[in-house]
Amino acid sequence: MITFDEALQKVLGHSQNYGDEFIELTKSHGRILAETIVADRDFPPFDRSTKDGIAIRFDAFNGQNQRFKVSGIAQAGSPQLVLDDTVSCIEVMTGAIIPKNTDTVVMYEHTTKEDEAFIINEPVKKGQNIHYQASDVHQEEVLLHPGVKITAAEIGVLATVGKATVSVKKLPKVAVISTGNELVDVDKTPLPFQIRKSNSYSLFSLLENEKIEGDIHHLLDEPSAIKQRLEQLVKEYDVLLLSGGVSKGKYDFLPEAFDSLGVEKVFHKVLQRPGKPFWFGKHEQQKTTVFSFPGNPVSTFVNYHLYFKPWLNKTLGIDTTHFAVFLDEPYTNSTDLTLFIGVTLKLKEGKLAANTIPTTGSGDLLALAKANGFVKVLPKEEIPKGKLVPFIPTRNNGAV
Ligand code: AMP
Ligand code: MG
């Protein structure tokens, strides 16, 4: 059986590039940018006022009690005005282009209005309250590089440079497939020997975080029906995310079905807990990648984060960010498995401290709703209280 690190390397070795596509800017949140974005003009594109007030020519200002007669009003969104008589002023609004022959803006709050004139009450510095053309960036300067995850901040930049459509990395088409005769739908009342499907829904919503709309399917534990459906699904999808049916049970038919359909096994079973019976393979001809997770809800959930998420990141050309937290209790792993222990995080003396969550095992999906993520404990590792340990976040916004 292979180790967790070996298994992860093998999975990453099968990442794939699905190419790029153009989508509407308003649909691009959370997607990975696939083009270089340059400034289509200077930013700001003209000298703009940063205050509502009056624009004057500084050289004409000779101290207190001087009256500046208003000769016009410059509104944001209007062409540039010209100050003909340099001892007068033009009222300017925030975002308006600075009038020709003026070089300084005095905010209304530093003036007193008398009839149609302003008297300046505060000291004035030449050039104040002007955001100069190209002081942020010059035309043609690179603003965003490919590989950036598009968030609200990037959407603002893209809109500013006129990208109504934007090139992003294409996402794989994913099928979420649960297996098992004991499973009923969420809107059904289970008989005493049945349970409701939960893995399909948690996988579906994990994929939503990645902007992937998974299609949900279900297979009963019946070998010929499984083969028939899988044959179709392998053709139709880039990725199959399965749960259940890959362990040692009498009704775990998936490995045999994959084999008969030509899905090549890369590995089956990993020295880890939870999630040990994980089966990973690839149909080379159809280019379908198959992640077949053991059905226990915690195993499916953990393996999604351990394997599918880094695989997807690599496929999209982005790094998987790793970080570490302080374990707030001692922990001994007496097994030869890599363990992933559910933890809650809290700030303790300015550091992120992790406490393990008591759980009955990998069937305990209710414990997942308490966890901020999992810490990784190596085989035979003895961790003293306060040691830094690798942390796998399982909440959408990172740590907490
Ligand atoms: P299996 O890997 O098929 O042997 O399933 C292991 C355990 O996980 C069994 O108790 C199943 O009932 C349970 N299980 C399998 N698939 C699901 C699912 N989609 N949702 C909730 N529990 C599941
Ligand atoms: Mg099963």
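Student: What should I know about the ground rules?

Tutor: The model is predicted: local features need pLDDT of at least 70, side-chain atom pairs count only at pLDDT 80 or more, and totals for chains, interfaces and linings use all residues. Residues are numbered from 1 along each chain as its sequence is written, chains are lettered from A and ligands numbered from 1 in the order written, and side-chain values use heavy atoms, without hydrogens and water.

Student: Which domains does the assignment give?

Tutor: Domain bounds come from an automatic or database domain assignment. Here the assignment lists domain 1 (2-18 + 171-315), domain 2 (21-39 + 145-169), domain 3 (48-131) and domain 4 (323-393). The centres of domain 3 and domain 4, taken over C-alpha atoms, are 62 Å apart.

Student: Where does UniProt place the feature "domain: MoaB/Mog"?

Tutor: UniProt positions use the numbering here, feature names are shortened, and annotations may be inferred rather than shown by experiment. The unreviewed UniProt entry puts that feature at residues 175-314. Residues 175-314 are 36% helix and 28% strand, and their end C-alpha atoms lie 19 Å apart. Helices (H or I, at least four residues) and strands (E, at least two) are DSSP runs, numbered from the N terminus.

Student: How do I read a helix face?

Tutor: An α-helix has 3.6 residues a turn, so residues three or four places apart point the same way. Now take α5, residues 254-261.

Student: Which residues of α5 are buried?

Tutor: L254, P255, A257, F258 and L261 are buried (under 20% relative accessible area; exposed is over 50%, partly exposed in between; 1.4 Å probe, protein chains only). They lie on the same side of α5 because they cover an arc of only 160° around the axis. The arc is that of the directions from the helix axis to the C-beta atoms. Just after α5, G262 has a positive phi of about 85°.

Student: Which residues have a positive phi although they are not glycines?

Tutor: N129 is one of them, with phi about 60°. N129 sits in the loop between β10 (117-120) and β11 (130-131). K380 also has a positive phi of about 60°, in the loop between β27 (373-377) and β28 (382-383).

Student: Is each buried or exposed?

Tutor: N129 is buried, at 18% relative accessible area. K380 counts as exposed, at 55% relative accessibility.

Student: Where are cis peptide bonds found?

Tutor: Check omega. One joins F43 and P44, with omega about -10°. P44 lies in the loop between β3 (37-38) and β4 (48-49). Another runs from R273 to P274, with omega near -5°. P274 lies in the loop between β20 (270-273) and β21 (279-283).
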